[in-house]
Amino acid sequence: MELGGNLYDSQLTALLAMLLIALFYYCYKRMQGRLLLLPPGPSPLPIIGNLHQLGKLSHQALHELSKKHGEIMYLRFGSIPSVVVSSTKMATQVLNVHDHVLASRPGVSRVKYMLYDKYGIAMAPYGEHWRLMRKICTLELFAPKRLKRYKDPRMQEVCFMLQSIYKEYSSKPGGAVDYTEKLCALGMDIVSRMLLSKRIANSFDRDSADFRALFDETLALLATFNLGDFIPYLAWLIAPLGQQGRLRKVHQRLDFVLEKSIREHEQHAHAKKDQDLSNDLLDVLLNIKFDGVDQTQHNLSRISVKGVIADLLTGGSHTSSSTIIWAMAELLHKPTLLTRAQREIDTIVGDSRTVDESDIPQLKFLMAIVKETFRLHPAAPLLVPHCSVETCELAGYTIPRGTQILVNAWAIGRDPSVWQNPLEFNPDRFLEEHIHVDVLGHNMELIPFGAGRRKCPAIGLGLCIVQHTLACLLHCFEWRLPDGHKVDLGETRKLVLGMRKAPELVPTPRATTPLYMKTP
Ligand code: HEM
């Protein structure tokens with residue numbers, strides 16, 4: 001009893017001490033805020049700051065707040081000082097004018113546990129390591145020559161998906177098909193074949209099935225809201241029981257699977273060289289040598305190889321599929337657009353072959369549909385958080401060092417001062433008034449891949465997967481909603497921006513459905 005009482009007293013004292021420290025820190029930050037000219041924003045509460053104002057769809061909540069507080073706002077998420085920008089002008093300041101000081105990433109404890117923290121690319125702080133990783137991605141992994149080399153596996157995966165839609169149609173003509181799961185599997189398998197030469201979604205081998213389950217668990221854990229990420233000094237107190245342990249366990253399993261893949265690749269490296277077999281991206285990473293500070297040649301460290309692979313699987317798998325799912329939903333919502341897109345594809349491609357990636361530049365309306373989808377439904381509505389490496393001035397306000405910067409690409413895509421009838425899905429705007437706007441980061445009004453130093457290094461690949469897959473779906477099948485159904489364009493936010501309820505769709509093969517698809 002005595003021992004229990006003492007333990008209780010000491011826990012209570014520790015808690016009170018923590019709360020006092022938190023209160024002191026809160027007062028100190030408020031005073032500091034008054035001394036510095038910080039951007040305007042809603043008043044924070046002690047300890048949690050503005051977390052209570054985020055809701056489930058933080059991009060929407062921040063958009064609403066920006067209507068009141070302006071295009072640049074200062075908030076605190078727990079103990080994380082944050083600036084949110086919501087206009088083309090401010091995005092230009094962040095991603096172009098001050099890009100060199102705002103191109104770092106904030107540390108998030110879950111990423112430390114789950115992925116490889118600063119050793120990969122996506123969450124690496126701005127500095128030498130990130131520069132090296134970025135160079136490798138740009139010159140080695142996603143260079144146009146390399147992308148061309150992986151065209152066949154991409155085409156095979158798209159055909160595999162179309163075939164599986166046809167199979168499901170044949171087994172229950174007139175019934176809805178699970179096309180969203182097929183698209184998610186497609187996104188994963190295109191990336192995993194490029195990276196590891198194997199499918200992790202559509203595979204019957206046990207290792208791949210384990211990999212997929214593990215990967216899904218990793219993504220789910222990364223997407224879970226965790227108060228401890230925002231109030232790290234109280235994380236031990238508020239983390240759900242056992243969560244840290246679970247994160248560590250999943251990471252250990254992921255590490256084991258990646259380690260196994262690396263060992264297999266190392267074992268086959270010599271045989272591949274001898275037989276001149278084509279390399280996957282893991283082979284490329286394992287073969288990379290770079291100049292160390294002492295001008296000697298070093299291999300990329302093992303933890304960096306695993307970090308980059310984990311980042312590419314995470315960043316590359318669901319981004320493309322969610323965009324295609326949104327595009328299909330918008331087209332079913334406005335079937336005249338769907339028919340127009342099919343007519344265009346039929347004219348360019350005809351009915352004797354499937355769409356090839358090289359057809360895309362001629363499919364102007366299809367490209368406009370994809371841009372319009374990116375405008376209204378960017379997969380990463382707040383991009384990936386940036387962070388300031390030093391104190392700087394933005395639009396006359398002070399942005400202290402270590403501030404998290406969020407760019408609300410979702411809000412910018414709906415800004416009525418840029419887009420006429422912004423909420424209307426109207427691809428024609430990209431054939432008329434906004435014909436010169438691209439998604440490559442040149443035009444700040446449309447930045448689904450970000451812009452500046454940290455923009456997505458795989459824009460070419462992401463765009464190609466979305467445009468080509470969408471064209472194939474429209475070319476091979478007629479699509480309709482089940483009788484009595486309507487499209488619900490509500491959102492949900494996991495790691496990427498998804499549909500609250502993706503519509504069920506019923507396919508019917510078209511005259512253009514290739515014969516090979518119909519043969520078992
Ligand atoms: C439709 C598809 C995609 C979209 C919309 C998309 C979007 C984005 C966005 C918004 C960012 C953050 C930009 C910023 O911080 O300012 C990003 C970063 C990144 N993306 Fe993508 N992405 C897509 C596909 C892919 C694919 C297929 C891969 C790889 C296989 C990939 C790998 C990465 C990586 C590694 C980063 C981090 C770059 C860095 O921090 O330097 N993405 N992407």
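Predicted model: local features only at pLDDT ≥ 70, side-chain atom pairs only at ≥ 80, totals over all residues.
The iron atom of the ligand has a single protein donor, Cys-456. The donor atom is SG, at 2.4 Å. Cys-456 belongs to the loop between helix H17 (409-412) and H18.

Helix H18 (residues 459-476) packs against helix H14 (residues 302-333). Their axes come within 9 Å and cross at roughly 40°. That angle makes H14 oblique to H18. The crossing of H14 and H18 is right-handed. From H14, the contact involves Ser-320, Thr-323, Ile-324, Ala-327, Met-328 and Leu-331. From H18, it involves Gly-462, Ile-465, Val-466, Thr-469, Leu-470, Leu-473 and Leu-474. By class, nine of the residues in the contact of H14 with H18 are nonpolar and four are polar. None is charged.

H18 also meets helix H7 (residues 151-171). Here the axes come within 11 Å and cross at roughly 35°. The crossing of H7 and H18 is right-handed. H7 contributes Arg-154, Met-155, Val-158, Met-161, Leu-162 and Ile-165. H18 contributes Leu-461, Cys-464, Ile-465, His-468, Thr-469, Cys-472, Leu-473 and Cys-476. The contact of H7 with H18 holds eleven nonpolar, two polar and one charged residues.

Elsewhere, four strands form an open sheet. Their order is S1-S2-S8-S5, and the pairing is mixed. Strand S1 (72-77) and strand S5 (386-387) stand at the edges. Each has a single partner strand, so one side of each lacks a neighbour in the sheet. S5 pairs with strand S8 (residues 404-407) in the antiparallel sense, over two bridges. His-386 stands opposite Ile-405 in S8.

Two helices pack on these strands. Helix H2 (residues 58-69) lies across S1, strand S2 (80-85) and S8. H2 runs at about 125° to S1. Helix H3 (residues 88-97) touches S1, S2, S5 and S8. The direction of H3 makes about 130° with that of S8.

Methods. Residues numbered from 1 in each chain as written. Heavy atoms only, no water. Axes fitted to C-alpha atoms, helices over the stretch in contact; angles between N-to-C directions. Parallel < 35°, antiparallel > 145°, perpendicular 65-115°, else oblique. Left-handed = near helix turned anticlockwise from the far one by under 90°. Contact = heavy atoms within 4.5 Å. Nonpolar A, V, L, I, M, F, W, Y, C, P; charged D, E, K, R; others polar. Pairing = 2+ DSSP bridges. Donors = N, O, S within 2.8 Å, 3.2 Å for Na, K, Ca; no water.
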